[in-house]
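User: I'd like to learn how to read the features of a multi-chain model, one at a time. Could you walk me through it?

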Amino acid sequence: MPVPEPTPLERFLNGILPENPVYRQLLGLCPTLAVTAAMKPAMTMVGATAFVLICANLITSLIRHLLKPHLRILVFTLTIATFVTIADRTLAAFAYPMSKLLGPYVPLIIVNCMIISRCEVCSSKQSPKTALADAVGVSLGFLLALASVATVREILGNGSWFGIQLVPESFPTLILMILPPGAFLALGSLLGLATWLGHRRKARASEPHAGSA
Amino acid sequence: MSRLRDSYLGQGWLILLLAGAFGALLAAVHLKLSPRIEDNIQAEITREIPGLLLGAEVLEGASIKIEGDLVTVEPAVGEPRVLTIVEQPSEASALYRVAERDPGHLLGWVARGQDHGYADVIELLVGLTADTGRITGIYVLNQKETPALGDGIVRSDFRRHFVGIPTDRPLVVGADAAQSRYPIQALTGATVSSRSVCKIVNDTVALVKVEIAEEPEGSNARP
Amino acid sequence: MELFADLLLIAIGAALVNNFVLTYFVGLCPFLGVSRRLDTAFGMGCAVTFVISVAALLSWTMTEFVLRPGAPLPNWVWSSLNPAAEAGAVDLSVLSYIVYIFVIASSVQLVEMYVRKFFPPLYKSFGVFLPLITTNCAILFACLEIMKHVVARDWGLAESLTLAIFGGVGFTIAIVLMAGIREELELCEVPESLRGAAITMIVAGILALAFMGFSGIGANVEKLLNP
């Protein structure tokens with residue numbers, strides 16, 4: 001039975017929640033923890049990653065018929081590394097303080113498993129349109145994940161959101177949350193919360209079914 | 001035909017082609033952006049130099065323009081001032097000679113120094129008067145000290161302690177400072193960071209003082 | 001003596017104070033994926049330390065002689081092609097990231113072939129992890145740190161290798177500790193929604209908190225060495 005080709009819309013929606021790169025697939029954890037002490041660096045990171053993901057997905061999809069199977073990883077890596085260099089240089093030229101703040105985490109996008117897995121799973125097999133939809137969907141999923149962690153950490157750790165002070169300066173903040181241990185604790189709790197919500201939804205969905213049986 | 005397909009060239013032509021294309025793309029990006037990146041890196045230091053020598057008050061509401069080694073400071077009130085900043089050869093990470101362009105007199109020196117702090121390396125800019133007799137200010141370029149404790153060294157209320165202190169004797173901090181005329185108040189809970197900053201200032205000042213003293217008199221008169 | 005003190009500080013910094021996994025968050029995939037059992041975790045740690053050292057050696061060589069601004073090799077080639085060229089005008093640093101990732105991929109291949117040929121038992125025990133290491137960000141991170149310092153001209157080969165080896169040791173310490181905790185955790189009753197990655201993250205957070213206790217050790221060691 002041939003599997004029907006997924007439509008661009010399906011791919012797009014799939015990337016956001018059902019196959020969220022961070023919460024469901026546990027990919028791209030390094031930036032999720034490292035740059036989420038505040039919203040601004042987190043969103044810059046999402047922008048850079050999305051740029052690389054979209055460009056790499058489009059290129060691999062365009063050349064998908066020419067790829068030799070045993071050389072494909074080499075091609076993916078070359079493509080990703082090129083676009084990461086472009087993103088890194090652009091940040092250094094136009095947003096220098098942010099580029100300094102993100103430091104090595106911009107070049108580390110090269111080894112973000114999320115991007116290479118999208119090239120491998122989706123774009124090297126599908127048309128550019130589907131690949132583009134997939135890349136945008138996954139980027140939005142990544143945005144959602146980073147935004148959630150950064151929101152928790154910045155509000156608890158610094159009392160602000162996107163640099164805007166939310167609670168009075170004199171209010172005690174949980175400095176731990178903007179330190180490395182806080183990143184692990186925040187993501188761990190959010191992962192637990194996501195699983196719990198997932199379980200609850202599944203239980204609700206199966207309840208009437210179980211009742212009728 | 002099949003031999004060609006099996007050869008390395010037949011296998012790898014796509015990679016070679018891509019490498020060529022990406023190489024050209026990167027070269028274009030590099031040529032276009034690298035002057036801007038260089039400027040950014042340079043400006044990061046140059047921007048802070050006027051504040052170190054003229055005092056933080058002058059810079060309040062002022063705009064700073066950088067063109068090559070000329071820095072124009074336009075304060076909210078009063079005349080704009082144009083400074084020439086020239087990097088000097090030095091044993092310190094960097095040493096800048098700062099002069100007022102129009103009267104052409106030497107305003108002071110700014111040196112860059114670094115050493116281990118509590119968590120990682122701390123990098124500082126230290127401003128000195130023209131005769132290197134007093135510190136005119138310090139600025140923290142890079143640090144990774146503990147948030148909310150050691151990173152207080154970047155705050156202006158800590159850095160203000162250093163302004164105007166004579167350089168004839170090394171700075172001392174905290175408990176060792178009881179007999180000193182110019183003690184530096186250590187940050188609460190961050191004695192190590194405060195001590196490191198003082199050490200960097202002392203080392204840099206000592207190095208630069210010797211170097212400037214060795215320089216021929218004539219160079220001071222240069223505009 | 002001064003070099004020794006510097007190396008000691010770099011080693012302590014990389015292994016304990018700024019542990020690669022627990023403060024820089026690099027190498028998380030194997031840290032979560034291969035930390036279920038103590039012996040495999042140790043194998044992974046050793047494999048990473050080995051590869052990271054080889055990759056650091058290669059990438060230091062590339063950075064020092066080819067990639068950094070004003071590097072000797074490309075400038076020599078350029079000036080012999082074009083005698084009028086300004087000295088030190090060639091800057092290939094834009095290619096660094098591409099070169100590093102290929103250096104890492106090829107050193108993983110190299111290590112795999114070497115270990116398979118000469119140490120078959122070792123290959124059996126950690127051979128399966130080797131291909132995974134290519135996408136381990138700890139290795140690229142080490143290369144990037146080395147690049148930063150080589151470009152600033154304050155590190156030579158000794159410092160670079162120390163950072164790499166002790167970064168690997170730090171990774172091993174973290175993953176072995178984690179595996180030990182996770183083996184105990186199997187006997188505990190963890191709330192259902194926290195099982196798996198979530199509880200591992202929270203444990204890692206507590207571990208990172210404990211490792212924060214090491215900060216400041218560097219400053220005190222320095223005081224001991226240069227009183």
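Analyst: Happy to! Please keep in mind that this is a predicted model. Let's begin with interfaces. The size of an interface is often given as the accessible area lost when the parts come together. Here, chain A and chain C bury about 3,000 Å² between them, with 83% of that on carbon and sulfur atoms. The contact draws on 36 residues of chain A and 34 residues of chain C.

User: Which elements of chain A give two or more residues to the side that touches chain C?

Analyst: They are helix H2 (29-34), H4 and helix H8 (180-212) of chain A. H8(A) provides the largest share of that side, 13 residues. Sorted by class, the side of chain A that touches chain C holds 26 nonpolar, eight polar and two charged residues.

User: How many salt bridges and polar contacts go across the interface of chain A and chain C?

Analyst: The salt bridge count between chain A and chain C is zero. For polar contacts, the rule finds three residue pairs across this interface.

User: What does the interface of chain C and chain B look like in the same terms?

Analyst: Chain C and chain B bury about 1,000 Å² between them, 55% of it on carbon and sulfur atoms. Val94(C), Ala219(C) and Glu222(C) supply 35% of the area that chain C buries against chain B, more than any other three residues. In contact terms, 13 residues of chain C meet eleven residues of chain B. There are zero salt bridges between chain C and chain B, and the rule finds zero residue pairs in polar contact there. On the chain C side, helix H1 (2-17) and helix H12 (217-225) each give two or more residues.

User: Now for charged side chains. How many salt bridges are there over all chains?

Analyst: The count is 15. One of them pairs Arg118(A) with Glu19(A), whose closest N and O atoms are 4.0 Å apart. Arg118(A) lies in helix H6 of chain A and Glu19(A) in the loop between helix H1 (8-16) and H2, so the pair ties together parts that are 99 residues apart in sequence.

User: Is Arg118(A) buried or exposed?

Analyst: Arg118(A) is buried, because its relative accessible area is 4%, under the 20% cut-off.

User: Which salt bridge crosses between chains?

Analyst: Glu44(B) and Lys100(A) meet in one, at 2.4 Å from N to O. This pair runs from helix H2 (residues 8-46) of chain B to helix H5 (residues 96-102) of chain A. Glu44(B) is partly exposed at 22%, and Lys100(A) is partly exposed at 32%.

User: And what is there in chain C?

Analyst: Arg153(C) forms a salt bridge with Glu64(C), with the closest N and O atoms 3.3 Å apart. The two are 89 residues apart, and the pair links distant parts of the chain. Arg153(C) is partly exposed at 46%, whereas Glu64(C) is buried at 13%.

Note on methods
Residues are numbered from 1 along each chain as its sequence is written. Chains are lettered from A and ligands numbered from 1 in the order in which they are written. This is a predicted model: local features need pLDDT of at least 70, side-chain atom pairs count only at pLDDT 80 or more; totals for chains, interfaces and linings use all residues. Side-chain values use heavy atoms; hydrogens and water are left out. Contact means heavy atoms within 4.5 Å. Buried area is the accessible area (1.4 Å probe) that two parts lose on being put together, summed over both. A polar contact is a pair of N or O atoms within 3.5 Å; within protein, one must be able to donate a hydrogen and the other to accept it, and residues adjacent in sequence count only if both atoms are side-chain atoms. Helices (H or I, at least four residues) and strands (E, at least two) are DSSP runs, numbered from the N terminus. Ala, Val, Leu, Ile, Met, Phe, Trp, Tyr, Cys and Pro count as nonpolar, Asp, Glu, Lys and Arg as charged, and the others, Gly among them, as polar. Buried means under 20% relative accessible area, exposed over 50%, partly exposed in between (1.4 Å probe, protein chains only).
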